[in-house]
Amino acid sequence: MMRFLLKGLIRDRSRSLFPLLIVTMGVSITVLVVCWVNGAGGDVIRTNARFFTGHVKIMTRAYAEQADQMPNDLALLKVNELIAGLKKRYPQVRWVPRIRFGGLLDIPDEQGETRTQGPVMGLAVDLINAESREVKMLNLEKALVRGRLPRAPMEILISDEFAKKLGVPLNEPATLIGSTMYGGLAMQNFIVVGTVRFGIAPMDRGAMIADISGVQSALAMDDAAGEVLGFFRNDLYDPATAHRIQSEFNRRFEGNDDEFTPVMLTLEDQNDLGTALRIFESASSIMIFIFVMVMSIVLWNTGLMGSLRRYGEMGVRLAIGESKGHIYGTLILEALVIGFVGSVAGTMLGLSAAYYLQVHGVDISGMVKNSSVLMSNVMRAKISPSSYYIGFIPGFLATVLGSMISGIGIFKRQTAQLFKELEV
Amino acid sequence: MDKAAIITVENVYKSFPMGTGEFTALKEVNLTFGEGEFTGIVGPSGSGKTTLLNIIGSLDVPTKGKAIVMGRNINDLTQKEAADLRNRYLGFIFQTYNLLPVYNVYENVELPLLLLGMPSKERDTAIRQALDWVGLSDKIESRPAQLSGGECQRVAIARAMVKKPKIVLADEPTANLDAKNSHHILRTMEALNRELGTTFIFATHDEKVIRYLRRKVSLEDGKVVADQSMKTQ
């Protein structure tokens, strides 16, 4: 009987091809959109985490309150000791010290006089230590446009766009003019050894990437750092663990009113990323919900149309001796086949399109030219393990649900009435 | 009556709601059909022929009275039991053939046997025999759209006869056929009736059919007005 039904299903295109196309299209669009939302959302979260927020971040309480102003006079002290303790207590997290600073980068001429200068947003990270993963974390090798990565504390990278604007040649000195941790004037010569382009508008406008030891020396921040960032070792943000570590860490300093007391924030507590994370998560859920509803209605309608067209066939089958229950069962069986094949095809199609967008992406640099939001200029989809079933399950469910609802018409209709359709 | 009664219709009434009132399609119908009969229920359109056939075929139930088919009271049957009765004992032939267009001749005839759960080898023998009865052995791969009206009706007969039912109910089986095809069909059914002892009950007002009948039940406005034995050709 199964073979018989499948033959009919394959031969009757209005029963198979049309619903199959609808399911395939719906599932592929769902997979693509969810991958895209994941990619775009994940990109914003990842980029922020990599450059500024970490998965968790420790600052002094006072620094945290004015973090936007990069108040290095409120930085953490005895950072090496702090990090050693953190490594011991939370081995699942990789801890790295960072200093964010602002200043003026002065480019001298042959006589040592100012030729040109511009404001820079500096980021000091551990670039030289062999054990450090910061080069990889910031993707510096790929971001490098000209020159090489720093090998010494006083070597720096600057944004390629910034370098072009100021006409900075490579391997020439550049002077950072800023303020020390104690409020004094800081002037330090660095050598520009390379230029970078991250594809992130705020970072590409005027960034300076330096080794943390050089900046500590320049800003008189020995064994100090503005922030200590923590990254989970698998590079994936885990909200539950982050919150657990945060409350455990902060509990230790409860009741301490000192403004230099360290405080831990999770990724979600910073830059409104918690809201962003929730928006991206609910966007996926909403997409899937809308998909199931719309597809159910469309497939229900298709099922109804098909059933109306097939009342004659139902009448014959009833007359031959098939029960209503059996006919209903075969309609569900057909839906299972259509749902399965359509969902598999849709998933494959959606994943193919998502893979293309994951590799090639869509260049939105024109739209984010003056943006202060930390996001890539090339938005990409992201295929995750859930992408393989995220469209399949609703596609399958919607088809069966649509068929179940439309098939109820058979039960509601009198047998003789169904049979009468034969005369039409 | 030729042999033992296999269908008994006792004081059957059937009404349908119509607007605010109701329309009575059958009134006080009392009939008995025996094994091997070749009987026609004749009458003008709206006389209740199809309604009576539907009740005998367990597709509908009487509003009043009872219909007993193969010893089972139609009124008491569940949906599943009614389907089982049709599956085992009844065959239907329709005016518009009602072959399933996506299946070929062989597959159309195969469907009742699949529902009976017959093994494939026996099924194949039965299908080929049924198609042989109606002279369509050379058309097994054809789809209904590739056949003439007469051929389609012969496939419908093969489909009704393939499980060798006790009773075949035929609703205006020649209405869409020309004279030559009508006679061909009727002769086929007559031969099967004689060979297999199947009871044939026709709902018809076609004179060509009436000439083949051995018994004619006349209906008018839902009432039996005559029940007579016929002298066949």
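Biologist: Which helices of chain A each supply at least two residues of the lining of the largest pocket?

Modeller: Helices are DSSP runs of H or I with at least four residues, strands are E runs of at least two, and both are numbered from the N terminus. A pocket is an open set of points on a 1 Å grid over the protein atoms alone, with protein on both sides within 12 Å along at least five of seven lines; lining residues have an atom within 4 Å of a point. In this predicted model, the helices of chain A that qualify are H2 (13-53), H5 (134-137), H6 (140-143) and H11 (273-309).

Biologist: Quick ground rules: residues are numbered from 1 along each chain as its sequence is written, while chains are lettered from A and ligands numbered from 1 in the order in which they are written. Local features need pLDDT of at least 70 and side-chain atom pairs count only at pLDDT 80 or more, totals for chains, interfaces and linings use all residues, and side-chain values use heavy atoms, without hydrogens and water. Now, which helix gives the most to the lining of the largest pocket?

Modeller: The lining has 44 residues, and Gly42(A), Asp43(A), Arg46(A), Arg50(A) and Lys382(A) lie nearest the centre. Ten residues of the lining come from the top contributor, H2(A).

Biologist: Which strand gives the most to the lining of the second largest cavity?

Modeller: A cavity is a set of points where a 1.4 Å probe fits but cannot get out. Residues from both chains line this one, including Ala319(A), Ile320(A), Phe92(B) and Arg159(B). Helix H12 (311-320) of chain A, along with E6 and helix H5 (149-161) of chain B, each give two or more residues. With three residues, the biggest contribution is from E6(B).

Biologist: Which strands stand at the edges of the six-stranded sheet of chain B?

Modeller: This open sheet, with mixed pairing, has the order E6-E7-E8-E3-E9-E10. At the edges, each with a single partner strand so that one side is left without a neighbour in the sheet, stand E6 (90-93) and E10 (223-229).

Biologist: Which residue of E7(B) stands opposite Phe92(B)?

Modeller: Two strands pair if DSSP finds at least two bridges between them. E6(B) and E7(B) (residues 167-171) have four bridges, in the parallel sense. Opposite Phe92(B) stands Leu169(B).

Biologist: At what angle does helix H1 of chain B run to E7(B)?

Modeller: Axes are lines fitted to C-alpha atoms, for helices over the stretch in contact, and angles between N-to-C directions run from 0 to 180 degrees. Contact means heavy atoms within 4.5 Å. H1 (residues 49-56) lies across E3, E6, E7, E8 and E9 of chain B, and its angle to E7(B) is about 155 degrees.

Biologist: Back to chain A: which residue takes a positive phi in the hairpin of E6(A) and E7(A)?

Modeller: E6(A) (residues 172-179) and E7(A) pair in the antiparallel sense over eight bridges, with Thr175(A) opposite Asn189(A). E5(A) (residues 155-159) also pairs with E7(A), in the parallel sense over five bridges. Five residues lie between the strands of the hairpin, and the positive phi, near 90 degrees, belongs to Gly183(A).
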